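Please open the model in your viewer and keep the selection panel at hand. The stops below are meant to be taken in order.

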Amino acid sequence: MLKEKLEKFFKIDRRWIFLLLAIVLFAPIMKPIGLPNKTISRDAQNAYTFMDNIPAGSFVLFSLDYDPSTRPELHPQAMAMVRHAFKRDLRVGVVTFIAGSTGLISQIFAKVPGEYNKVNGTDYVIFPYQANYAAVMTQMGSDLYGIYDKDQDGRDARTLPVMKGVKNYKDMALVVDITGTSILDQWVAFVGDKFNVPVVGGVTAISQPGYGPYLQTKQLKGLLGGMKGAAEYESLIKEPGKGTSGIDSLNLAHLLVLILIMTSNIILLIIRYL
Amino acid sequence: MELFANLWAWFSGLFVITPAWMTLGAWVAVGLTIFIFSFLYKDNPFFKIAEHLYLGAGMGWWFQVYLYSIFIPKVWDPLMAHQWGVIIPAVLGISLVTQFIPRISWMSRYGFTFMMGYGAGLAVPAGLSTDFIAQIGGTIEPLSRMASMTPFAIFNSLLVAFGVICVLFYFFFSVEHKGAVKKVSSIGIYFLMIYFGAAFGNTVMARFSLLYGRFDELYTYSGSNYFYATQVILISMVLYFVVHALANKGKKGTSEEAA
Amino acid sequence: MIKYKAILTLFLSLLSVNAAFSAEPAPAVISGLTAVDMPYDVGNAVMLRWAINPSDTPDTVYVVHASSQQAGAWVEADRFSASAKTGDDIELPFWAWDGSAMEHAVKVELNNIFGESAAGSVFRFKVSALEKGLLKAESAPVPATPVGNWFRLDRLNNIVLLIVIVIVFFWAVSHAKRKGLFIRRIAGLDAIDEAIGRATEMGKPIYYVPGIGTMSSISTIASAFILGEVSKKVAQYDSQIKVPHYDPIVMTVCKEIVKQSYMEAGRPDSYREDINFFVSQDQFSYAASVDGMISREKPAACFFMGYFMAESLLLAEVGATSGAIQIAGTDIESQLPFFFTACDYTLIGEELYAAGAYLSKEPMLLSALKVQDFGKLVVMVSVFFGIILVAAGAALHWDSFVNVILNLFKAY
Amino acid sequence: MKFIKKQIPLMIVMVVGLLTLASYYVPNKHSVDYIELLSKWENIVMAFAFLLGLISLFYSHYNKISRKTDGWGYSLFVYIGFLGMVVPAMMNGGRQMVDGRLTMLGWSFNYIYNALSATMFAVLAFYIVSTAYRSFRIKSKQAFVLFLAAFVLILGKVPLGQIIWDFLLGWTHATVSEVIEWIMSVPAVAGKRGIMIGISIGAIVTSLKIIFGIERQYMGKD
């Protein structure tokens with residue numbers, strides 16, 4: 001009797017599994033649980049410490065190069081780091097080399113500056129999309145206005161208060177690149193090494209291991225990897241957001257898979273030896 | 001003429017992206033997302049609509065990519081500038097289209113033999129260097145630091161080499177797998193199993209992140225500023241399935257179980 | 001007037017040189033600087049070499065200047081500390097490079113500095129050593145002309161291996177025998193008959209999905225061959241087969257192949273043009289559409305053979321749910337785990353290539369399989385002996401011997 | 001006729017194949033230019049091949065509509081989807097952004113194409129779970145190894161899993177990240193490398209067969 005019941009469970013309609021997964025992933029979006037995330041990786045901690053020690057008023061350049069396909073992992077990272085920069089009263093400049101990221105950038109800056117009373121043009125500036133990153137990176141080494149003479153809204157970049165005293169990499173305290181492409185490698189090779197600017201990165205979980213060598217040689221001052229990196233950064237700046245709810249979802253979903261695999265094996269054992 | 005210009009201006013003015021367009025976009029995106037997900041429950045007309053729309057949209061997307069990144073800049077512009085060199089690939093390309101006319105379809109061979117030759121010529125040396133020589137090198141290279149290695153690291157390097165040899169035994173085709181060969185190749189299978197399991201487990205997180213991303217977007221569009229797009233469409237879908245199930249109640253065999 | 005100005009300038013500059021001379025000791029001379037064309041390249045780089053100076057300290061910095069003019073116009077090309085960039089750091093194998101740790105060797109990429117293609121024109125170079133920002137030593141300028149070379153000597157190991165394989169290949173192909181060539185069992189392929197038989201019994205179609213590769217990917221070629229054999233059997237059993245396509249060229253090729261198979265099976269009348277049909281050239285809309293078809297038609301068997309990316313599991317899971325026997329095969333190793341877990345039988349990597357030979361038993365193909373086995377034998381032997389030699393060499397500190405072996409198995 | 005139909009195509013394969021092969025060993029400017037030219041040509045030929053697919057797609061759905069076969073109405077959506085992408089593209093010259101503003105093409109891409117493809121990709125998350133439920137059952141020793149590797153990898157990727165591991169297996173003094181690192185860099189590498197080497201040899205031999213005209217089934221028979 002039990003055996004028959006179990007066998008039925010064995011061939012459970014997989015739509016129940018789908019439903020479970022959907023609930024487990026969706027619930028934390030509505031209400032983040034804040035499951036313990038006590039481990040903070042060294043690289044995320046380093047990224048945080050570096051940003052935290054920059055003197056207030058310094059200029060930080062964000063290169064946000066991700067499109068909707070890597071949004072779940074990278075958008076929370078960008079949010080958290082921009083928040084941190086505003087919290088520390090740093091000046092923020094944003095560039096991008098991926099056409100698809102312009103929409104995502106405006107999403108960030110529609111929301112975050114308001115929380116810290118920051119004004120476009122005075123505290124931050126968004127530059128228009130440029131396709132050829134190698135040329136732009138080199139140009140910014142001497143005079144960034146050679147390429148970015150206007151900001152995204154067409155205002156003369158030179159006269160913006162936020163750009164006061166900023167001409168090239170020498171006037172920047174940090175470059176942050178958040179990307180799902182190899183553009184971070186270019187920032188390290190073309191800019192970090194050549195012009196002596198510190199570079200911090202944010203990448204997807206899949207490409208994270210590849211940056212080990214750069215971190216070892218300190219060519220990268222810190223690195224956020226995937227949603228976990230975002231969650232870690234959020235907990236460092238004490239502003240739980242999408243990264244935290246994301247890692248909640250992932251935690252539960254992974255747990256669900258493990259429980260499912262275990263149950264199916266336990267049932268298999270019972271059926272076989274009972 | 002002026003009327004025409006005015007009409008055109010009015011027409012293209014309609015397609016300037018306004019906040020209203022953004023809200024409409026949210027409804028479209030939510031609808032299509034839920035239609036595709038509904039396939040997980042069972043096949044239904046809404047999925048079929050999304051599926052066919054996607055067929056067209058996918059081809060349309062690539063068509064404009066090809067048009068604006070190849071046909072215009074790489075074929076049309078050079079021709080206008082009297083660079084006749086592009087005629088060769090264009091003719092090879094057009095030869096492919098002769099497929100539709102059986103009598104001269106042999107012409108398409110010119111096009112695809114070109115592609116085959118190019119592909120094969122690239123594959124040989126690249127395969128030799130990255131997948132053959134470099135993989136042998138990668139297997140033996142760690143042991144060159146023998147003097148400074150821990151016993152565990154030495155064991156690991158030897159294990160990799162041993163595993164590679166066993167797996168290759170598994171792929172031996174001209175030897176019957178029995179006796180010693182069978183033993184070695186079955187050890188190779190264990191290495192394959194570890195790789196398969198690990199690669200599977202490693203991908204799970206990336207896929208969940210994608211799904212989380214979709215759900216997050218659905219959640220965003222469930223807000224009042226989007227007029228509750230997600231809730232409305234989701235509830236209508238559920239209602240449809242309920243009504244459909246009630247209507248088909250008693251008619252056995254018509255239900256399309258997706259399980 | 002201009003004359004006077006020139007004289008004045010000359011005088012002033014002499015003065016300033018004099019002043020420099022009186023302020024600090026004269027810089028020493030870096031001798032023995034040579035500049036030659038960088039070998040084995042397209043002609044954009046020059047190799048500078050000079051001996052290491054034993055009196056260099058960790059603070060010593062070398063600066064390399066380059067110029068495309070007859071005189072002056074120096075541009076900084078490189079800057080590095082005295083301990084870096086020795087002859088050992090040049091990534092070339094021992095048969096193509098004789099540098100040692102006792103010299104500096106710097107590759108100067110001229111196209112990065114001067115922008116245009118550099119082959120054929122003369123450039124001048126000089127090297128200076130700085131100690132804490134002060135000029136310590138300087139070389140006389142030396143000229144060099146980069147030229148485009150005709151052979152990548154560093155890829156010698158690659159070409160030798162290729163020649164060996166080609167020789168073995170031709171030997172095997174020309175000695176292809178009709179009989180006596182053994183091939184081991186491949187479980188997935190034995191299941192093909194079972195799958196087709198089942199489809200005939202149930203009166204349901206077979207789906208053969210060739211994946212999203214183009215005709216130049218090897219897995220697609222292998223898949224097309226297997227399709228030929230499968231459709232021959234389908235024609236014999238008088239069953240139904242459907243082949244949804246991603247790539248139009250693959251589709252046209254497969255049309256030819258299936259038609260031919262139906263003729264060979266003696267059933268040209270059952271051949272229909274719509275056996276092969278085009279779906280989409282967009283990865284996921286292809287997957288969505290094929291998923292829709294499989295879930296609606298509930299085929300008796302699904303074959304997934306060829307080049308697959310993320311859609312592998314999208315297809316295989318729907319096929320498994322609809323209750324089909326599934327046989328998969330791909331050479332994309334990242335997708336093998338998903339096929340392996342979701343399908344009944346999976347051809348792993350090379351097994352897919354061997355399938356054509358296995359099914360057709362054609363002597364030519366079987367002997368090509370021998371070449372593949374030979375290649376694997378080469379790998380096994382090299383790994384086995386390579387490990388022993390390298391480990392022994394490293395333990396005994398025969399560094400150059402270890403280096404020789406590592407160079408042999410390095411891709412340049 | 002046979003010459004034009006068969007011999008010349010075979011010659012094209014061989015000449016193009018051998019030249020491309022040789023260019024790998026020749027660093028000269030001519031060889032670099034040759035490869036650049038050919039890859040440009042290949043892109044153009046591919047673009048024409050795309051038209052072949054587009055025509056077949058239109059043709060087959062046109063047939064469905066004109067013959068009013070089952071579900072012909074859905075075929076209309078193929079054309080709607082196509083126009084939904086192409087017309088906006090024509091209006092903006094294929095640009096998604098003009099002066100920092102979303103164009104109609106950008107809109108179609110974001111809300112139609114991207115919504116569809118991202119969702120289809122995300123469906124994989126569901127399938128990966130149901131496949132795991134079905135397939136990771138320990139029915140043999142090999143299946144056990146497969147199960148174990150997958151289990152550890154799934155467990156150790158998220159913080160919660162790391163906590164569970166430390167709780168249950170903390171006494172081993174090996175963190176789950178270290179174990180994962182070991183699996184991925186030792187036994188899994190051996191498995192993957194074996195497959196890759198096998199594949200590369202197979203690919204080389206097949207390519208040689210194509211270049212030398214031994215494998216010519218792709219040309220059909222005539």
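Begin by selecting chains C and B together: 52 residues of chain C are in contact with 52 residues of chain B, two residues being in contact if their C-beta atoms, placed from the backbone, lie within 7 Å. This is a predicted model, in which local features need pLDDT of at least 70 and side-chain atom pairs count only at pLDDT 80 or more, whereas totals for chains, interfaces and linings use all residues. Residues are numbered from 1 along each chain as its sequence is written, and chains are lettered from A and ligands numbered from 1 in the order in which they are written.

On the side of chain C that touches chain B, the elements giving two or more residues include helix 3 (156-174), helix 6 (248-264) and helix 12 (399-408) of chain C; helices (H or I, at least four residues) and strands (E, at least two) are DSSP runs, numbered from the N terminus. By class, the side of chain C that touches chain B divides into 28 nonpolar, 16 polar and eight charged residues, where Ala, Val, Leu, Ile, Met, Phe, Trp, Tyr, Cys and Pro count as nonpolar, Asp, Glu, Lys and Arg as charged, and the others, Gly among them, as polar.

Staying in chain C, select strand 10 (residues 206-211), where six of six residues are buried, that is, have 20 or more other C-beta atoms within 10 Å of their own C-beta atom, each placed from the backbone. Strand 10 of chain C pairs in the parallel sense with strand 11 (residues 241-245) of chain C over two bridges, and two strands pair if DSSP finds at least two bridges between them. Here C:Tyr207 stands opposite C:Lys242. Five bridges join strand 10 of chain C to strand 13 (residues 301-307) of chain C, and these two strands also run parallel; the bridge partner of C:Gly211 in strand 13 is C:Tyr307.

Now show chains B and D, which share the most contacts of the five pairs of chains in contact. Here 97 residues of chain B are in contact with 101 residues of chain D, and the side of chain B that touches chain D has 68 nonpolar, 23 polar and six charged residues.

Finally, turn to chain A, which is divided into domain 1 (2-31 + 252-273) and domain 2 (42-239), with bounds from an automatic or database domain assignment. No contact joins chain A and chain C, whose closest C-alpha atoms lie 9 Å apart.

Methods: Buried ≥ 20, exposed ≤ 12 C-beta atoms within 10 Å, placed from the backbone.
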